[in-house]
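Dear colleague,

Please find below the structure that I am passing on to you. My notes on it follow directly after.

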Amino acid sequence: MKRFIDENGIFEIKVPVTWRYLLDGKVHTFQEYEIWKSDAFQLSIRELEGKSHRKYFLEEFSKLNKVIIGHLEYYCYSDSIDSDFTTKSWIRIFENKIVLFTLTHPNNPDKDLDSRSIEEKISIVFSIIKEFKLIDQTNKEEVINRYKFEMFLQGVGATSLMLNKSVENKAFIEATCIIANQIDALLRIGIVLKKQLLNSNNLIETKWIYQGLLDKIISEKMFIKNH
């Protein structure tokens, strides 16, 4: 299982390493990378608007069946079934938010492509749900930065496997490119740690290890020149 934090720092969850993440509006979707596996695990989060809103939903939930997941009580909607897919749903109030989890799976999966039973799929979903937690918004920036740094370190570690494979295959141009990227990554990590030592803190300046679509790119020449 891999740790996942959404880019807005709202929630933290653990999902299988073979799952990819998609965001469509306010719906967070996780699916297998293999396109022939059409299962989808989704979650959505809605803010409660005061005590009356909470009371209303608790009354509605009382009409649903209950299930215990990780020592917590969840409510289950009836399965939504059409000709091709079935959707199972679990819902719970966390603090001042309502969180809905769903699993959508094909009614007649090709057993040669996905041999897992429905019970096995639900077991995986339950193991994910019980690890779900909302992030304290007072320190979400720190949590997000640490997560980005953690992912960066994992990426650097993964390049060692790629480098070994390149050497085994005698793909020396590829190996040279990977080594150059490793040097670049290690320099960036060094700058982050140096900043912490100079400032006597544990803050992570993510501009060195993460650039979003709208962020200014810090090239190798730029940070080598200034450091």
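A residue is called buried when its relative accessible area is under 20%, exposed when that area is over 50%, and partly exposed in between. Arg 3, with a relative accessible area of 23%, therefore counts as partly exposed. Please bear in mind that this is a predicted model.

Salt bridges

The structure contains nine salt bridges. In one of them, Arg 3 pairs with Glu 150, and their closest N and O atoms are 2.7 Å apart. This pair connects distant parts of the chain, as Arg 3 belongs to strand S1 (residues 2-5) and Glu 150 to helix H3 (residues 140-168), 147 residues away. Glu 150 has a relative accessible area of 27%, so this residue is partly exposed. Arg 3 and Glu 150 also belong to a network of salt bridges that includes Glu 12.

A further salt bridge joins the side chains of Asp 79 and Lys 88, with an N to O distance of 2.7 Å. How accessible are the two partners? Lys 88 has a relative accessibility of 15% and therefore counts as buried. Asp 79, at a relative accessible area of 38%, is partly exposed.

Helix H4

Helix H4 covers residues 172-199, which makes 28 residues. From its first C-alpha to its last, H4 reaches 41 Å, close to the 40 Å expected at 1.5 Å a residue. After H4 comes Ser 200, whose phi is positive, near 50°.

The last two form a salt bridge of their own, in which the side chains of Arg 188 and Asp 184 meet at 3.1 Å, N to O. Both residues lie in H4, four residues apart, about one turn of the helix. An α-helix has 3.6 residues a turn, so residues three or four places apart point the same way. Arg 188 has a relative accessible area of 7%, which is under 20%, so Arg 188 is buried. The value for Asp 184 is 12%, and this residue is therefore buried as well.

With kind regards

Key: Residues numbered from 1 in each chain as written. Predicted model: local features only at pLDDT ≥ 70, side-chain atom pairs only at ≥ 80, totals over all residues. Heavy atoms only, no water. Helix = DSSP H or I, 4+ residues; strand = E, 2+ residues; numbered from the N terminus. Expected span 1.5 Å × (residues − 1). Salt bridge = Lys/Arg side-chain N within 4 Å of Asp/Glu carboxyl O. Buried < 20%, exposed > 50% of the residue type's maximum accessible area, 1.4 Å probe, protein only.
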